[in-house]
Amino acid sequence: MTFFARQDRALTALQTRGRYRALIARTGHDFASNDYLGLAESEVLNTAARSALERGVPVGAGGSRLLRGNADEHVLLEQEAAAFFGTQAALFMGGGFQANTAIFSTLPGHEDLVLYDALIHASTHDGMRLGRAETRAFAHNDVKAAKETIKSWRTEGGTGQIWIAIESLYSMDGDLAPVAELMKLADTHGAVLVVDEAHATGVFGDMGRGLSHAFADRENLLTLHTCGKGLGVSGALICGARVLIDTLINKARGFIFATAPSPLNAALVRAALNELRDNPARQVAAQDLMNHAHKEARERLGLAGFQSQIMPIVIGADKPTMTLAQSLQDRGYDIRGIRPPTVPRGTSRLRISITLNTPAPVISEMFRDLARAKEATAP
C-alpha cells in the first residue's frame with residue numbers, strides 16, 4: 001500500500017499502542033449507551049412515530065430551514081421546548097456537536113473571551129477554533145481558577161463579553177459542575193454562562209430539565225439539551241434569549257447551510273419532552289438505579305464518590321483497559337474501554353453507563369463479575 005502509506009503507518013501505530021478503534025456490534029446488557037431513560041426503543045416513541053406518520057409528518061425535510069425545510073413540527077418543537085425549559089426561545093439542530101460548533105463559532109465576537117472548563121467537549125473546541133474570540137481554559141470545576149482567569153484577562157486589557165463554557169455533567173468523568181457558583185460568577189462579571197446539559201437532560205433537575213434549570217430565566221444563560229441521550233432520539237435544542245437564537249438563525253453556518261433535521265425526528269423529540277413532563281416515575285427510576293449502582297461499586301470494588309449515571313473505572317494503561325473490557329464483553333456485558341485522546345494519557349478507563357435498559361439484578365451481577373475480572377487481569 002503506497003498511495004496512503006502515511007495513513008497506514010498511523011493506523012499500525014494505533015494498533016501497537018492499543019488505541020485502534022473499530023465499529024463493533026452492540027450485544028449484551030447495555031452498560032455503554034447514553035439512553036439513560038430507556039426511551040430509544042420504548043413504546044412511547046414507537047407510538048409517537050406511528051402517530052406522526054399517520055398524520056402525514058414528513059420523514060425528510062427537503063432543504064435547509066431557511067428555504068423549504070422549515071416544517072410545522074420544527075416550529076412546534078421549538079415553541080414547546082422553550083416553554084418546557086423556561087427560556088425565551090429555542091432552536092432545533094441536527095446534533096449536539098453541530099449545535100456546540102454553531103454556538104462558539106458564531107456568538108462570541110473578536111473582542112470577547114471564551115473561558116472554558118479544561119474538560120469541555122471536543123465540539124466546543126472545534127467551535128472555538130472556528131470562532132474569532134480569544135479562548136482560555138480554567139482547571140476543571142475550579143470556580144476560583146475561573147475567577148482568576150477573568151481577572152487576568154481584564155487586567156491585560158480585555159474589554160469584550162465573557163462567555164463561560166461548561167458541561168453540567170461531564171461525559172467521561174461523570175461528575176457534576178458547580179453550576180450555581182459559576183452562574184454567580186457570570187452575574188458578577190457580566191458574563192454569559194453556556195451550559196451543555198447533554199448528559200443531564202432527562203436525568204437531573206425538575207422534570208429532567210437539567211442542572212441549570214433554576215436559572216433558566218436569566219438572560220445571560222444559554223443551554224444546550226441534546227436529544228440523543230436521555231431523550232432517546234437525536235438532534236439538539238439550544239435554549240436561551242431570543243436575540244441569541246435569532247443571531248444563530250442569521251449567522252451560524254452550521255444552521256444556515258445544513259439540511260434541516262427530519263420533521264419526524266422533531267415530532268419524536270416533542271413526544272420525549274412530553275414523557276418527561278407527564279411521567280416523572282421514569283426519572284425517579286433512573287435515579288434509584290443509579291444509587292443502586294453506586295452502592296454495588298462501593299461494596300464490590302471499594303470505589304466511592306460517583307455522582308451520576310456515568311461511572312468511570314480508571315485502569316490507566318490502554319491495553320489492560322481494552323483487555324478488561326473484552327473480558328466483560330465475553331461475559332455478556334456491553335462495556336467499552338475509553339482511551340486517549342478522549343481522556344488524558346494514563347487514564348484509560350471503562351465507562352460504565354447506567355440506563356433503564358438494564359435492571360438492578362444485572363447491574364449487581366456485572367459488578368461482581370467486574371471485581372473478579374479485575375482481580376484476574378491484575379499484574
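Biologist: In what order do the seven strands of the open sheet stand?

Modeller: In this predicted model, seven strands form an open sheet whose pairing is mixed. β2 (89-93) and β4 (134-138) each have a single partner strand, so one side of each is left without a neighbour and these two stand at the edges. The twist from one strand to the next averages 20 degrees. Read across, the order is β2-β8-β7-β6-β5-β3-β4.

Biologist: Within that sheet, which residue of β8 is the bridge partner of L224?

Modeller: Strand β7 covers residues 221-226 and strand β8 residues 236-240. The two run antiparallel and are joined by four bridges. In β8, the bridge partner of L224 is I238.

Biologist: What angle does the direction of helix α4 make with that of β7?

Modeller: Helix α4, residues 96-106, packs on the sheet. The strands touched by α4 are β2, β3 (113-117), β5 (162-167), β6 (192-196), β7 and β8. Relative to the direction of β7, that of α4 makes an angle of about 160 degrees.

Biologist: Are α4 and α8 roughly parallel or roughly perpendicular to each other?

Modeller: Helix α8 spans residues 242-251, and its axis is 10 Å from that of α4. The two helices pack at an angle of about 95 degrees. Angles of 65 to 115 degrees count as roughly perpendicular. The relation of α4 to α8 is therefore roughly perpendicular.

Biologist: How many residues in the contact of α4 with α8 are nonpolar?

Modeller: From α4, the contact takes in A102, I103 and T106; from α8, it takes in T247, L248 and K251. Two of the contact residues are polar and one is charged. The number of nonpolar residues is three.

Biologist: Which element gives the largest share of the lining of the largest pocket?

Modeller: The largest pocket has a volume of about 940 Å³ and is lined by 28 residues, with A22, I24, A32, D334 and R336 nearest its centre. By class, its lining comprises nine nonpolar, 10 polar and nine charged residues. Two or more lining residues come from each of β1 (29-30), α12 (318-330) and β11 (336-338). The largest share, four residues, is given by α12.

Biologist: How many residues in the lining of the second largest pocket are nonpolar?

Modeller: The second largest pocket has a volume of about 560 Å³. Its lining has 27 residues, and H121, A122, S171, M172 and T342 lie nearest the centre; α4, α5 (122-130) and β7 each supply at least two lining residues. Of the lining residues, 10 are polar and five are charged, while the nonpolar ones number 12.

Biologist: Which strands are the edge strands of the three-stranded open sheet?

Modeller: The three strands have the order β9-β12-β11, with antiparallel pairing. Their twist averages 35 degrees from one strand to the next. Pairing on one side only marks the edge strands, namely β9 (310-316) and β11.

Biologist: At what angle to β12 does α12 run?

Modeller: The helix that gives four residues to the lining of the largest pocket also lies across β9, β11 and β12. The angle at which α12 runs to β12 is about 30 degrees.

Conventions:
Residues numbered from 1 in each chain as written. Predicted model: local features only at pLDDT ≥ 70, side-chain atom pairs only at ≥ 80, totals over all residues. Heavy atoms only, no water. Pairing = 2+ DSSP bridges. Axes fitted to C-alpha atoms, helices over the stretch in contact; angles between N-to-C directions. Contact = heavy atoms within 4.5 Å. Parallel < 35°, antiparallel > 145°, perpendicular 65-115°, else oblique. Nonpolar A, V, L, I, M, F, W, Y, C, P; charged D, E, K, R; others polar. 1 Å grid on protein atoms, 1.4 Å probe; cavity = no way out; pocket = protein on both sides within 12 Å on 5 of 7 lines; lining within 4 Å. Points joined across faces, edges and corners; volume = space filled by probe spheres on them.
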